[in-house]
Amino acid sequence: MLKLSPQTGGNRIYEFLNLTHSGLVASLGGSNVSIPSEDLNLAHHNPALLSPEMNKNLSLNYVNYLAGINYGMALYSRSTANAGNFAGGLTYLNYGTFTEADPSGNITGTFRASEYSFSLIYSFILDSSFTIGVDLKPVLSHLERYTSFGIAADIGAAWKSDNDLYSAGIVLRNAGGQITTYTGEANRLTPLEIQAGASAKLAHAPLRFSLTIRHLEKFDLTHDYKGTDYLKEKSPSGQFFENIMRHLVAGAELIPHKNFYLSAGYNYQRRKELMTESKAAGVGFSWGFGINTSFLTFQFGRASYHLAGSSNHISLITRPDLLYKKQDAKINVDYAL
């Protein structure tokens, strides 16, 4: 008998696979599967977004998370004329150092915990509008002396209009499970999720809007708070609207120049789940900016999770071959002088 749960967390393994690394995506609410861009980090959210424009790109990401936790991601891509586009990389999550104690409470030392995921991404262009892609992700989790190994996969598709103003994407994320468990317990599944989204860029204004729909595999994203049914306080129409809103992540970009952008986003579910009753503040909102040069892109994103703190996302995307060419050109000029 198939058992379904309305909650989105707590019953899956390797939840760190859902974390957002990209400064741009973090600033747009934490999820985006539809923006066609030269930003290699977008391929981590939808492998179909891996494109020839990302050829020889290297992306480095670092996130200062909550409670002293930090994580990051590195990706590198190569494209071929006939075989498609390839990318590979590594993501890590460092939980920090913990105090170790025996059953009596006596301090016996310290221990560390960390998790890793490798990315092997491939995309293929079907025609001028459609692209498909897959991301195979072996996972290694090390918690104190216990280790678990698993595997997950993303399968995605992307579409863009001929005038590049409109785009859409859909992706099945984190399909997989444990191969070896920590202590011989039953194998668990990875946090499967289906996402879809669309983006639209105005033809005569420097604006682009994105809307992403999360958890298409389930409708009810509410929790049973304090032993009472949260939705019973609402009318049937209010219950339906509440659930619809919890699936949506909205983002907007102001792009006054190709070398600079400002961005902002809103995650309704994050706001509803993490705001306090006394003060909601900016929980669920996010913002950021980016600066592009001929060989380097810098992105910064900040997402508000709770009154207790926010996450800061820093991304660097570069073309190492172009950097080497500039250095070689400078050396030749200096030598000639």
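Reply: A cavity here is a set of grid points where a 1.4 Å probe fits but cannot get out, and its lining residues have an atom within 4 Å of a point. Please keep in mind that this is a predicted model.

Me: ok, how many cavities of 30 Å³ or more does a search of the whole structure find?

Reply: The search finds two cavities of 30 Å³ or more. The largest cavity has a volume of about 40 Å³, and the second largest cavity has a volume of about 30 Å³.

Me: which residues line the largest cavity?

Reply: Its lining consists of Phe16, Leu17, His21, His44, Thr91, Ser117 and Lys137.

Me: and what is that lining by class?

Reply: The lining of the largest cavity has four polar residues, two nonpolar residues and one charged residue.

Me: now the second largest cavity, what lines that?

Reply: The second largest cavity is lined by Pro36, Asp164, Leu165, Tyr166, Ser167, Ser199, Ala200, Lys201 and Arg208. By class, this lining has four nonpolar, two polar and three charged residues.

Me: stepping back, how many helices and strands does the protein chain have?

Reply: The protein chain has 14 strands and four helices. Of its 337 residues, 42% are buried, and among contacts with a separation of 6 or more, 54% are accounted for by residues 24 or more positions apart.

Me: last topic, confidence. What is the mean pLDDT of the chain, and where does pLDDT stay under 50?

Reply: The mean pLDDT is 88, with 89% of the residues reaching 70 or more. It stays under 50 over residues 1–7 and also over residues 328–337.

Me: how many contacts beyond four places in sequence does the model have for those two stretches?

Reply: For residues 1–7 the model has 10 such contacts, whereas for residues 328–337 it has zero contacts beyond four places in sequence.

Notes. Residues numbered from 1 in each chain as written. Predicted model: local features only at pLDDT ≥ 70, side-chain atom pairs only at ≥ 80, totals over all residues. Heavy atoms only, no water. Helix = DSSP H or I, 4+ residues; strand = E, 2+ residues; numbered from the N terminus. Buried < 20%, exposed > 50% of the residue type's maximum accessible area, 1.4 Å probe, protein only. Contact = heavy atoms within 4.5 Å. 1 Å grid on protein atoms, 1.4 Å probe; cavity = no way out; pocket = protein on both sides within 12 Å on 5 of 7 lines; lining within 4 Å. Points joined across faces, edges and corners; volume = space filled by probe spheres on them. Nonpolar A, V, L, I, M, F, W, Y, C, P; charged D, E, K, R; others polar. pLDDT = per-residue confidence, 0-100.
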